[in-house]
Amino acid sequence: MGSRGDLTADIGRLNAFIDPDMDLSWTREGMLAGRTCAVKDIFDIEGQVTGFGNPAWRATHGPARDTAACLERLLMDGVRLRGRAHMDELAYSLNGENFHYGTPLNPNAPGRIPGGSSSGSATAAAAGVVDFALGTDTGGSVRVPASYCGLYGLRTTHDRVSRQGVIPLAQSFDTVGWFARDPDLMERVGRVLFVNWKVDDPANYELALPMDFWALADSETAAALQSGVEALQRLMGEAITFDLSGDEALEDWFMPFRVCQGREIWKNHGAWVEENNPEFGPGLGERLHWTSTITEAQWTEANALRQNIADKTNRLLKTRTVLVIPTAPGPAPEKGQDAAALESFRYRALQLTGIAGLSGVPQISLPLGKVDGCPVGLSLIAAKGCDELLLTIAARLAGAAPNGLASLRV
């Protein structure tokens, strides 16, 4: 990766890090000894202020008393922390365009957004200035940047990895996740972060393609991912096809996520917003105001729908089924588009990411396609606690993705 001076220059060009000169390590022993990592600016580091993507938040909060538990596990295993990464304000976006700090470069799709809210983490990992990067995923904030930047990206089972020392967005959806270009490294990070590692054989599982969710993707994206689907079938057997939503409208899978997440966001941060009246970038202030208007009745209705969707999905996944879907509707949109132009795309993206979010299950995005030279991801979704299965499938299926596209191994 070159000298330290070259590395710092690369990081400055990428606009990935808040603090490009950071170099923190605790030990040189462990499975990940010497590996470098970036962390989203949502994870606490003892003695430092966690900025949460907003300068007003940074100005109104003091240094953290402890280091986030999951980051501590990595540092104790020999990881070198190379920087705190930029993110969307308050983690409440999928784009990665920060009004205050700018937009991190998408190394594998120049001129396009990196995706958010774990934008800087994805940029640093995709550019290779770190070996892997930590992010968080509430509504797609690891999976979508992974797809846009051509990375492996894992959203873990809800509560599988400790969120102690991680600023909450919406606790019942929030998860810790990570990015890397190498699926073998993705697995090694999991072996450190998971308290117990459970071995499972992909041959014991059946693939399923929910065609109603495939219909949310652009036709070019669906076509670009077919080689990945075919490789999965060579690895695990012929996939079944069906409609996951059944008689329900897919729009009904979006509303409960939006309302339940929104209510938790306002409960967590509404008082801070009202007390400090911070400046927000375009769209965020309006979304936060909307969260303040959610009524108890609206939340009750949304939560009941959420539970129905979760029950239905979890029953299916417990039958040793692995769902295969596009991670996002298409490649990363171009930078600088207005909110209205992105809304339809965002709406479809949140329906695709909503399966795992509403059900609390793990999902991994694999860099297995390109459209017009830009990465698009293929996702696998499994039952709660089957994170290891997803990491194992990824490592058996494909190799490293140095330029945003992994080579197939089967």
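Modeller: A cavity is a set of grid points where a 1.4 Å probe fits but cannot get out, and its volume is the space filled by probe spheres set on those points. The model is predicted. The structure holds one cavity of 30 Å³ or more, and about 50 Å³ of space lies in the largest cavity. Its lining is made up of Leu-94, Asn-95, Tyr-148, Pro-333, Leu-342, Phe-345, Arg-346 and Ala-349. By class, six of these residues are nonpolar, one is polar and one is charged. Helix H13 (residues 339-359) gives the largest share of this lining, four residues.

The largest pocket has a volume of about 730 Å³ and is lined by 33 residues. Those that lie nearest the centre of the pocket are Ser-93, Asn-95, Pro-282, Gly-283 and Arg-287. The pocket lining divides into 13 nonpolar, eleven polar and nine charged residues. Here too the largest share, five residues, comes from H13. Helix H10 (255-276), helix H11 (284-291) and H13 each supply at least two residues of the pocket lining.

Two of these helices, H10 and H11, also meet each other. Their axes come within 8 Å and cross at roughly 100°; H10 and H11 are therefore roughly perpendicular to each other. On the H10 side the contact involves Arg-258, Val-259, Gly-262, Ile-265, Trp-266 and Val-273, and on the H11 side Leu-288, Trp-290 and Thr-291. The residues of this contact divide into six nonpolar, two polar and one charged.

The remaining part of the picture is the sheet. Ten strands form an open sheet with mixed pairing, in the order S2-S1-S3-S5-S4-S9-S10-S8-S6-S7. Strand S2 (80-85) and strand S7 (240-242) stand at the edges with a single partner strand each, so one side of each is left without a neighbour in the sheet. From one strand to the next the twist averages 25°. Ala-208 stands opposite Ile-240 in S7.

H13, which lines both the cavity and the pocket, packs on this sheet, where H13 touches S4, strand S8 (321-326), strand S9 (363-371) and strand S10 (374-381). The direction of H13 makes about 150° with that of S8.

Technical notes
Residues are numbered from 1 along each chain as its sequence is written. This is a predicted model: local features need pLDDT of at least 70, side-chain atom pairs count only at pLDDT 80 or more; totals for chains, interfaces and linings use all residues. Side-chain values use heavy atoms; hydrogens and water are left out. On a 1 Å grid over the protein atoms alone, a cavity is a set of points where a 1.4 Å probe fits but cannot get out, and a pocket is an open set with protein on both sides within 12 Å along at least five of seven lines; lining residues have an atom within 4 Å of a point. Ala, Val, Leu, Ile, Met, Phe, Trp, Tyr, Cys and Pro count as nonpolar, Asp, Glu, Lys and Arg as charged, and the others, Gly among them, as polar. Axes are lines fitted to C-alpha atoms, for helices over the stretch in contact, and angles run from 0 to 180 degrees between N-to-C directions. Angles under 35 degrees count as roughly parallel, over 145 as roughly antiparallel, 65 to 115 as roughly perpendicular and the rest as oblique. Contact means heavy atoms within 4.5 Å. Two strands pair if DSSP finds at least two bridges between them.
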